[in-house]
Amino acid sequence: MKFARFSLAAAALLFGVTGIAFWLSPRSLAAAVGIELPASAAVIDFRATYGGFNLGVGIALALAARSRDAVRPALVLQLLSFAGYGLARAYGIAVDGDAPSLLYWLLAIESAGAGIAILALRRLPAG
C-alpha cells in the first residue's frame, strides 16, 4: 500500500504542478511546443484544458492517496490519465512527425506514470 500511495502522491504532484503552470502561464507553455494562442478565447480554453483539468486530477489523486478505499480507483485514474496523454502523443509523433525533444520527454514521463500505476495496481492486495 505504501508504494501505491507514493505513486499517487507523485502523480498528484506532477499533475498539480503542471496544472498550476498552465493556469498561470498558458502563452509561454503553448509557445514551448509551437502552439499559438492568437485570441483571448484560445488562452482561456488552453488554460482551462491544461491548467484546470490537470490541477483537478492532481487534487483528486492527492485526496485519494489519503483514503484506503480510494487507492485502487485512483490508480486506475492515474493509469488512464497518463496512458491517454501518452498514447495520443505517441500517435501524433508517429503520424505527424517532426516533434521537438520536449514532446519526447513528456512521452517518457507519461509512459513512466502509466507503468508505475500498473506496477502499483499489481502490488495491491486483492479485494
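Angles under 35 degrees count as roughly parallel, over 145 as roughly antiparallel, 65 to 115 as roughly perpendicular, and the rest as oblique.

**Ground rules.** I am working with a predicted model, where local features need pLDDT of at least 70, side-chain atom pairs count only at pLDDT 80 or more, and totals for chains, interfaces and linings use all residues. Residues are numbered from 1 along each chain as its sequence is written, and side-chain values use heavy atoms, with hydrogens and water left out.

**Confidence.** I looked up pLDDT, the predictor's confidence in each residue from 0 to 100. The protein has a mean of 95, with 99% of its residues at 70 or more.

**Overall build.** I found five helices and zero strands; these are DSSP runs (helices H or I, at least four residues; strands E, at least two), numbered from the N terminus. The C-alpha trace spans about 50 × 30 × 15 Å along its principal axes. I also checked contacts (heavy atoms within 4.5 Å). Of those with a separation of 6 or more, 75% are between residues 24 or more positions apart.

**α4 and α5.** How are these two helices oriented to each other? I get an angle of about 150 degrees between α4 and helix α5 (residues 101-123), with axes 8 Å apart. The axes are lines fitted to C-alpha atoms, for helices over the stretch in contact, and angles run from 0 to 180 degrees between N-to-C directions. α4 and α5 are therefore roughly antiparallel to each other. Their crossing is left-handed, meaning that the near helix is turned anticlockwise from the far one by less than a right angle (clockwise would be right-handed).

**P100.** I next visited the loop between α4 and α5, where P100 sits. Buried means under 20% relative accessible area, exposed over 50%, and partly exposed in between (1.4 Å probe, protein chains only). P100 has 35% relative accessibility, so P100 counts as partly exposed. Its C-alpha atom is 9.1 Å from that of A32, 68 residues apart along the chain.

**N54.** Across the protein, 34% of the 127 residues count as buried. Leaving aside residues up to four places away in sequence, N54 touches F15, G16, T18, G19, T49 and Y85. With Y85, I noted a side-chain polar contact of 2.9 Å. Such a contact is a pair of N or O atoms within 3.5 Å; within protein, one must be able to donate a hydrogen and the other to accept it, and residues adjacent in sequence count only if both atoms are side-chain atoms.
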